[in-house]
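Try each task yourself before reading its solution.

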Amino acid sequence: VVLNGIKTDELYRAKEASLRVRKEFDIPADAYVIGNLARITPWKGQEILLKAFIEYAEKNQNSYMLLVGSPLFDNEKYFKHLMQLIDNYGLGERVIMPGYRSDLKEVFSAMDLFIYPSLEKDTSPLALLSAISAGLPVIVSNIKCLEEVIELCPAIDVFDLRNREGLLSLMAKYEDQNIRVENGNKNRVVGINNF
């Protein structure tokens with residue numbers, strides 16, 4: 001399997017970039033930011049991630065979610081559904097959906113954890129490979145087509161799509177900055193060497 005290639009030298013996370021993006025979205029500098037970057041469409045699993053975060057946010061009041069991406073074709077209804085969920089739970093200030101962004105270095109810099117909850121075949125996704133290469137700790141769903149990426153990255157955590165408690169536990173695991181840094185650094189090395 002030859003995975004997609006990316007310019008890993010352009011993705012290294014920077015403190016200054018993190019502070020800029022967090023300021024742009026009114027996210028405190030010391031907040032715990034869980035992120036995802038993908039096209040907004042049902043099979044990318046944003047709803048699963050959002051529902052888990054709704055539960056997690058009650059336990060961690062210093063947590064924020066950054067869902068980056070925009071809908072294509074007929075997925076405007078799904079985007080509005082996600083926005084309605086956010087509104088129903090009063091999380092408009094803590095779940096940010098800024099739409100499409102091309103400044104990946106800045107967006108990844110603002111995140112503390114990247115979660116990729118795809119539900120269906122999603123071979124060699126550029127957003128996932130980019131997050132790994134940026135040096136983010138990463139959690140992915142246990143779909144078969146991500147096995148090649150998972151095998152290359154021993155620091156990646158995998159969750160079962162049917163087990164929300166497992167995902168919540170992994171979100172809590174990465175509250176520890178030392179674990180985030182350690183696993184993020186391991187991912188960065190894998191990204192540079194393989195992608």
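**Exercise 1.** Find what covers the buried residues of helix α7, and work out how those residues are arranged around the helix.

*Solution.* Keep in mind that you're looking at a predicted model. Start with the cover: it includes strands β1 (32-37), β4 (113-116), β5 (138-141) and β6 (157-159), along with helix α2 (46-59). Next, pick out the residues being covered. Helix α7 spans residues 164-173, and its buried residues are Leu167, Leu168, Leu170 and Met171. Now look down the axis of α7: these buried residues fall within an arc of 160°, so they line one face of the helix.

**Exercise 2.** Decide whether Asn187 is buried or exposed, and list what it touches beyond its neighbours in sequence.

*Solution.* Then check its relative accessible area, which is 0%. Buried means under 20%, so Asn187 counts as buried. Finally, set aside the neighbours within four places in sequence, and Asn187 is in contact with Ile132, Leu136, Pro137, Val138, Cys153, Ala155 and Ile156.

**Exercise 3.** Step back and describe the whole protein: which elements does it have, and how compact is it?

*Solution.* Count the elements and you get eight helices and six strands. Reading from the N terminus, they go α-β-α-β-α-β-α-β-α-β-α-β-α-α. The radius of gyration is 15 Å, close to the 16 Å that the globule rule gives for 195 residues, so the protein is as compact as a globular protein of that length. Along the principal axes, the C-alpha atoms fill a box of roughly 45 × 35 × 30 Å. Now look inside: buried residues make up 53% of the 195 residues. As for contacts with a separation of 6 or more, 75% of them are between residues 24 or more positions apart.

**Exercise 4.** Describe the surface and the charges of the protein.

*Solution.* The protein exposes about 9500 Å², and carbon and sulfur atoms supply 49% of that. Turning to charge, there are 23 positive and 27 negative side chains, and the centres of the two sets lie 2 Å apart.

Key: Residues are numbered from 1 along each chain as its sequence is written. This is a predicted model: local features need pLDDT of at least 70, side-chain atom pairs count only at pLDDT 80 or more; totals for chains, interfaces and linings use all residues. Side-chain values use heavy atoms; hydrogens and water are left out. Buried means under 20% relative accessible area, exposed over 50%, partly exposed in between (1.4 Å probe, protein chains only). Contact means heavy atoms within 4.5 Å. Helices (H or I, at least four residues) and strands (E, at least two) are DSSP runs, numbered from the N terminus. The radius of gyration is taken over C-alpha atoms; the globule rule is 2.2 Å times the number of residues to the power 0.38. Accessible areas come from the Shrake-Rupley method with a 1.4 Å probe; for residues, only the protein chains shown count as cover. Lys and Arg count as positive and Asp and Glu as negative; His and the chain ends are not counted. The place of a charge is taken as NZ of Lys, CZ of Arg, CG of Asp or CD of Glu. The arc is that of the directions from the helix axis to the C-beta atoms.
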